[in-house]
Amino acid sequence: MRILIAEDDEALARFIRQGLEAEHYSVDVFPDGEQARTAATEFEYDVVILDLNLPKLDGVSVLRHLRSKKPSVPVLVLTQRTRVEDRVQCLDTGADDYVPKQLSANSLDIQHIRSDLVTKIRAAAHSRKSDSSAVLARKPPQASRPETRDMLSLTTPAIVALGTSTGGPKALLEILPLFPSDLSVPILIVQHMPAGFTAPFAQRLNTLCAVTVREASHRETIQPGVVYIAPAGFHMSVERLSLSRVILCLDTHPEDCLHIPSVNVLMNSVAVAFRNLALGVIMTGMGSDGAEGMNAIHRQGGLTIGQDEASCIVYGMPRACAEMGILTRVVPLSQIPAQILQATRYRRRA
């Protein structure tokens with residue numbers, strides 16, 4: 001693939017370029033936004049890696065230009081200390097994914113981030129190529145009739161725990177607006193994102209959804225019809241204080257997790273607190289975070305739903321669960337809202 005990098009930090013750009021060229025990619029580097037915009041417009045690139053803080057023309061303006069002129073070009077945003085407004089605009093404009101940027105080039109170990117960066121590059125390219133076949137019809141899910149016996153249960157789930165990573169922001173933007181305002185259960189989400197992005201992401205979703213969406217707060221009581229997104233840098237778990245009151249807990253422990261927040265930490269706590277009343281959902285993402293937690297829900301008799309390979313940007317996290325044989329259902333992304341409504345016995349108000 002041919003890749004464009006827009007980065008004014010010469011040392012950082014060199015490290016990234018060397019790592020990508022070692023993977024046999026063709027790489028062009030531009031130190032300011034104007035040059036990057038011109039090159040991306042005139043030439044064909046498979047992926048654009050874009051810093052937000054660029055001289056002459058900021059990265060958000062370059063991203064907006066690319067979306068208007070070349071909407072199919074995948075864009076990965078390098079993130080560091082950007083304004084909240086820039087983060088919101090990146091989400092609105094449609095960045096495909098986000099790559100955390102080290103505070104200095106000297107601290108960047110390209111061997112450490114190479115696998116993550118290359119996976120995100122491939123995922124972004126795949127995402128844009130498959131857009132035409134993955135567009136969802138914006139119709140309310142029909143869940144009044146259970147489709148199969150395996151989603152029938154003597155109990156009705158009281159909570160949904162959902163985990164996702166690469167490709168997740170785009171997937172959540174597609175499915176969460178499909179839930180009704182009178183949803184009878186809370187939805188707790190762990191989405192692997194860089195620090196500073198989860199709050200504006202939740203705010204953006206809240207403007208698009210009938211349900212309330214917000215970044216989770218420590219020790220708040222969970223409510224039905226509310227979607228809680230774990231803040232970057234904190235694990236989210238649940239604690240049952242009484243039969244009728246369950247609170248969210250935010251913590252940095254355990255610190256040895258590959259991801260903070262961790263899907264496993266959330267789902268393990270949900271399995272303990274809700275047992276067979278838990279519903280776990282695992283969606284697009286690299287790696288295996290969530291497999292342990294989904295297994296815990298499965299062992300407690302809860303329902304487990306996995307996104308299918310065809311609709312995943314990266315079929316990693318759902319694959320790990322599927323290979324363990326712990327998924328009640330495997331469905332396309334577009335069917336996940338209907339499956340949740342079906343399981344929770346949702347009935348549309350007349």
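**Figure 1. The buried residues of helix α2.** In this predicted model, helix α2 has four buried residues to look for: Gly33, Ala36, Ala39 and Ala40. "Buried" here means under 20% relative accessible area, "exposed" means over 50%, and "partly exposed" is anything in between, using a 1.4 Å probe and protein chains only. Looking down the axis of α2, you'd find its buried residues within an arc of 135°, so they line one face of the helix. That arc is taken from the directions that run from the helix axis to the C-beta atoms. What lies over these residues? The cover includes β1, β2 and α3. Helices (H or I, at least four residues) and strands (E, at least two) are DSSP runs, numbered from the N terminus.

A quick note on how to read all the views: residues are numbered from 1 along each chain as its sequence is written. Since the model is predicted, local features need pLDDT of at least 70 and side-chain atom pairs count only at pLDDT 80 or more, while totals for chains, interfaces and linings use all residues, and side-chain values use heavy atoms, with hydrogens and water left out.

Figure 2. Follow the order β2-β1-β3-β4-β5 and you've traced an open sheet of 5 strands with parallel pairing. The edges belong to β2 (26-30) and β5 (97-100), and each has a single partner strand, so one side of each has no neighbour in the sheet. On average, neighbouring strands of this sheet are turned by 20° against each other, direction ignored. Two strands count as paired if DSSP finds at least two bridges between them. Zoom in on β1 (residues 2-6), and you'll see it pair with β2 in the parallel sense over 5 bridges. Which residue of β2 is the bridge partner of arginine 2? It's serine 26. Helix α2 (residues 33-42) lies across β1 and β2, and runs at about 160° to β1. Helix α3 (residues 59-69) also packs on the sheet, where it touches β3 (47-51) and β4 (75-79), and its direction makes about 155° with that of β3. Axes are lines fitted to C-alpha atoms, for helices over the stretch in contact, and angles run from 0 to 180 degrees between N-to-C directions.

Figure 3. Now find aspartate 51 in strand β3. Is aspartate 51 buried or exposed? With 2% relative accessibility, aspartate 51 counts as buried. Its side chain reaches the backbone nitrogen of asparagine 53 at 3.4 Å. Setting aside neighbours within four places in sequence, aspartate 51 is in contact (heavy atoms within 4.5 Å) with Ala6, Glu7, Asp8, Gly59, Leu78 and Lys101.

**Figure 4. The β10-β11 hairpin and two cysteines.** Strands β10 (residues 235-240) and β11 (residues 246-251) form a hairpin, with 5 residues between them. Their pairing is antiparallel and runs over 6 bridges. One spot to check is serine 237, whose bridge partner in β11 is cysteine 249. Cysteine 249 is buried, at 13% relative accessible area, and cysteine 209 is buried too, at 11%. How many disulfides are there? The count is 0, where a disulfide would be a pair of cysteine sulfur atoms within 2.5 Å.

Figure 5. Most residues other than glycine have a negative phi, and most peptide bonds are trans. Histidine 253 and proline 254, though, are joined by a cis peptide bond with omega at about 0°. Another cis bond joins isoleucine 260 and proline 261, with omega at about 10°. As for phi, histidine 24 has a positive value of about 70° although it isn't a glycine. Histidine 24 sits in the loop between α1 (10-21) and β2, and is exposed, with a relative accessible area of 72%. Arginine 275, in the loop between α9 and β12 (278-282), also has a positive phi, near 50°.

Technical notes:
Polar contact = N/O pair within 3.5 Å; in protein donor to acceptor, adjacent residues only side chain to side chain.
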